[in-house]
Amino acid sequence: MIINHPLLGPRDSQEFIYLGDANLIERPDWQAANAVETFHDYLYLRDNPAGEHRELWYHEQGDRSWLVVTRNTVTHEISKVELARDVARSKGRSK
Amino acid sequence: MPDHSLAPLLPLGGATPRRDTFAGLTITENPDVAIASVACRMGRDADLAKAAAALFGTALPVPGQMVAKGDWALFWTGPGQWMATAPFATHEDISRIVKAGLGDTASVTEQTDAWVRFDIDGARAPDMFERLCILDTRRMAAGSANRTMIEHLGTFVLCHRAGEAFSVLGPRSAAASLHHAHVAAAKSAI
Amino acid sequence: MNQMNRINGQPLGGTEATGAPRSGQANRLSGGQIDHAKTLNFRFDGKTFQGHPGDTLASALLANGVRLMGRSFKYHRPRGPLTSGSEEPNALVELRSGARQEPNTRATVAELFDGLEAMSQNRWPSLSFDALAINDRLSTFLTAGFYYKTFMWPKAFWEKLYEPIIRRAAGLGSLSMETDPDLYDKGFLHADLLIVGSGPAGLAAALTAGRAGAQVILAEEDFLFGGRLIAETYRLGSGSGADWAAAAIAELAAMPNVRLMPRTTVIGAFDHGITGAVERVSDHLAVPAAGKPRQILWRIYAKRTLLCAGAIERPIPFENNDRPGILLAGAIRAYANRWAATPGKTVAIFTNNDDGLRTATDLIDKGVSVAAVIDTRPEGKTLAGTTHLKGATVIDSAGRLGLTGITVRLGTGETRQIACTALGVSGGWNPNVHLTCHQRGRPVWDAKIAAFVPGADLPPSMSVAGAATGDLTTSGALASGAAGAVAALDALGITARAAELPEAEDAPVNVTPFWYVKHGKGRAWIDQQNDVTVKDVKLAHQEGYRSVEHLKRYTTLGMATDQGKTSNMAGLAVMAELTSKSIPATGTTIFRPPYTPVPIATFAGRSAGKDFRPVRQTPSHKWAAEQGAVFVEVGMWKRAQWFPRQGETHWRQSVDREVLATRNSVGICDVTTLGKIDVQGTDAAEFLNRVYANPFAKLAVGKVRYGLMLREDGMAMDDGTTARLAEDHFVTTTTTANAVGVYRHMEFCRQCLWPDLDVQIISTTEAWAQFSVAGPNARKLLQKIVDPGHDISNEAFPYMGCGEITVCGGLRARLFRISFSGELAYEIAVPTRYGDGLIRAMVEAGKQYDSVVYGTEALGVMRIEKGHAAGNELNGTTTARNLGMAGMVSKKKDAIGSTLSEREGLNRDDVLALVGFRPVDRSRPLVAGSHFINVGAEATAANDQGYMTSVAFSPNLGHSVGLGFLKSGGARKGETLRAVNPLNNEEVEVEVVSAHFIDPEGDRLRA
């Protein structure tokens, strides 16, 4: 597959490491009363869509950016590639 | 150069740099480069740009690019990250030199001996590269700098002159394997 | 049969070659694309033959009158080539000998070279007399599904009896069982346009794109460019097709933007327009030139791909249609026109289309006798100059080891015997849609040519031109090739003008579907490679295997090296008829890569043998090798395992000596392989505080702290020490094995979880040569290395201190007072290039203390003696609590893994805890992996109390020691258990003790 890196352009997926669902960005609040439950759901519960999926890829043999790739799991078509750091910030993550 | 008693060992283990010559291609081990990484501190982009321009005499390169000015050559390695290189003989203590120039605008780390560098020269270079890595070295413009995989190893491929002058930086501990891969690919292609 | 042998008054028996001198190339014609002036010698089954440059093994054998080239897979039927290309099902041979022996090579694509050696396969004792041909007589039993039905039970018989017998009887070539001596390579190519195939469409496309200046790759599986143009006699403009092709190739070869790749098969169309191709660099040579690969696996990144793969002729099954001498009509025509060879002097043609007629006329022009043309079509033009039987079919053939004659059923119903030594069969042409299906595209039915053509859902960036689209005329192929290139380049914003094209034939093939001959009681072969007959398909239908995918698995139709390129259609057609469905409604199986067989060696490329993966050497490698060190692979690293000294004959002698010398005086060990990550930034401390379970925020500058890193699920991920060099600068170490994974994890935390923390990381593993110096004399040794200005006394440089120093007269270095062995110990780091010099200097300085350099084995012994957890204990299933470090997991801060560490199931009272073990009988060794069972309990999983993770012989204590996880371990010290090793049926009684066998109070560390 070819991933269109937002900074470097098209790069072969061979250069990347796959992690999984981009929801891993949304790490829960450790101080919440039900933190054990929310962390459990965060870590273990995944949608498994036949279709568009937002997922984390790491450009290990490249610029070491984590990317959020929107990929169709049926056709492998990639419709969007973003820097994970930007996505994290857009989700309100900061320090 | 500090006046100490320890003799350096070149990455390929020889006393002098290794050089392999093929028709239209040479592969030369180049130990005479000091390297320091530069990583921008959070939110200090403008300050770093200013300090870097003063220190290096040139702006920091954009993604995928390399710039050279005087003793310094700089290439982009990741968002907000670069490698600064200079002659080893005059800049062995490169991380202190760079840190002194950039102050608290950047994190600076000595990288000199993390890398083995091979200079690849000659018109047949792309014929060798196409058996080593994904990069399209045949159409790579001068000043391109890319990280990619060669022989399963993370490497940087720098293009000094399109089609005929490149450098490959790879992990120093695997220098022998990386060198073998280059020579094998060169023999295969030429 | 006897009657038939006398047809037309010609004596016919056995192979035609028996009557012809073998060296005389009795069936060699004139002309063609071979160099008649040069002769190549080659051997087939031990006999020497002559051929010419430009020949394939098949064409040279045919020219020598050899039609019999192999035995079939299941019934051991005599077989000759069916085709003249890579779709060949029958003519599979073993090429070369010794370590280079290569089974299942298609004779039809094996380029002839001087000295080529080939052996036929699947026969014993010889090709003409094969003992297992008895299978053919037993065919009533060996029908489809035979193995499934017969070898069902008893189950135990399968492995010992049935499988070996089946494997010996079936199968084709054999392996040499020697290591392949040749090199294989891989590479990457980039282009605007990849053109697959160099027939009329491919050449027209290449000229169009090349002249427009686009970056073009033209890949041709054959060693000659031109496709059917070099196998046909029709004119292109004023010259022959072959002349036009040669001129086109000459023009393309002169273009710097065009890369011509002969002997290159595009094997697959993968995601996002990436294609794979195999270039056979040296297959046409006896031995590859020095340093040159046998084959190269190319990964091609072309912005567009134009498939010009042509079409493949299909046979018409009839009874005994598999005898040597029965070929596809187009193949006979190609052998005659291109290779100047004919499988027989008297040829008959069996066709359902006009293309078959062309074979007859070409052969007549070449002086080959055409006995008859049997045409299934009652109507249509009549061919002059031969017997053209219309509305007729071939219903049987004769000849034990090669064709001697055929039986024809005329339109009137009467039969006629016709003597011939070759029969050309044409059932029409199938567009070669293989690559269009690799991304799950489905071909669609085109009634006009009674064949499947590429569907709409092509692989991304692929388009199709020429006969592969179903346009089977030359003029159509030329035009669609040029237009295809224009359109493909237009999509890239490159303007191209279609190349001006010569006038060419545009006769339709006028095919009338005719799938198989129904007359005759014997077997009509559909898939000759897998010995699948019309009857087998009927049986599959009868037993309910009606979907094409089931049909394939049940009968093996379409499997093996040819993947049913010539057989799938007939199988489909029979099934369609049986189910009363149309062919398109019956469907096709899915084509998958590779298009043709690829050796495993080609996929391995250079990553074979000692080059399987790169080797990482430590800075002291050269010195260690000089000492005769024994090395061990640790990931990609090669580390010294121990350093044998003269007189030591067993590794334990060396390791025990290294351990004792270290504990008694001082030992040096290269620990460079531990991962080192430089962590900087104003939030660096906060960052480390979150990635390690224990606190880091308040670590003082100049101090080192042990850190335990958890995964988010609470399991231990890694551990190591972190040194604070400055307020905003840390160096953290990882285990050797996890260096890459920890770095990746830190990047994830930095970018995805806390994107605004001011923290920057970079690996410095390679930049510093780092040595452990351990033992009571460690300080004394180092004081001879460290420059006098630096005070490393216990007061000035206490346990867990660190600092930047200089050594050996001014070299910058780092010193850490940390210990893995439990001794007074330091780790000292210098820039890597000076690591070799430093170990030599330290060994010299250590001489007065009888110092040793120790390897990973002694390192392991000492850490087990000390009770330090390592990879065996941090095995992905253990928590901080299991490791006895629950107290380190801070509950006052957020850190990865700390929340889920609190899960109830991980904190039950009886969870596993790390403890030490020693054998009750001190002379007995312990075995890692043993499970603990209470004394008196049965050794079952239900009674499992835990397991031993690490064991070593302690030379200090004089007996074996072990670390392991035990249920409620901390409360069971003093208890006796059994360490059971069911693999060896052994057990040893052990006593539960503290994991700290040496210096439990830690006095030595702080000395």
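A salt bridge here is a side-chain nitrogen of Lys or Arg within 4 Å of a carboxyl oxygen of Asp or Glu. The model is predicted.

Q: Which residue of chain B forms a salt bridge with Arg259(C)?
A: The rule asks for a Lys or Arg nitrogen within 4 Å of a carboxyl oxygen of Asp or Glu. For Arg259(C) the closest N and O atoms of the pair are 2.7 Å apart. The partner in chain B is Glu130(B).

Q: How many salt bridges does the rule find across the interface of chain C and chain B?
A: This interface brings 60 residues of chain C into contact with 56 residues of chain B. It has 35 residue pairs in polar contact, both residues at pLDDT 80 or more. The number of salt bridges found is six.

Q: Which element gives the largest share of the side of chain C that touches chain B?
A: Elements giving two or more residues to that side include β15 (293-307), β42 (811-816) and α20 (835-846) of chain C. The largest share is seven residues, and the element that supplies them is β8(C).

Q: Which residues of chain C lose the most area to chain B?
A: Chain C and chain B bury about 4600 Å² between them, with 48% of it on carbon and sulfur atoms. Three residues of chain C together account for 18% of what that side buries. They are Arg606(C), Arg812(C) and Arg833(C).

Q: What is the count of salt bridges between chain A and chain B?
A: The contact takes 14 residues from chain A and 16 residues from chain B, and the buried area is about 1100 Å². The side of chain A that touches chain B has eight charged residues. Four residue pairs are in polar contact, while the count of salt bridges is zero.

Definitions and conventions. Residues are numbered from 1 along each chain as its sequence is written. Chains are lettered from A and ligands numbered from 1 in the order in which they are written. This is a predicted model: local features need pLDDT of at least 70, side-chain atom pairs count only at pLDDT 80 or more; totals for chains, interfaces and linings use all residues. Side-chain values use heavy atoms; hydrogens and water are left out. Contact means heavy atoms within 4.5 Å. Buried area is the accessible area (1.4 Å probe) that two parts lose on being put together, summed over both. A polar contact is a pair of N or O atoms within 3.5 Å; within protein, one must be able to donate a hydrogen and the other to accept it, and residues adjacent in sequence count only if both atoms are side-chain atoms. Helices (H or I, at least four residues) and strands (E, at least two) are DSSP runs, numbered from the N terminus. Ala, Val, Leu, Ile, Met, Phe, Trp, Tyr, Cys and Pro count as nonpolar, Asp, Glu, Lys and Arg as charged, and the others, Gly among them, as polar.
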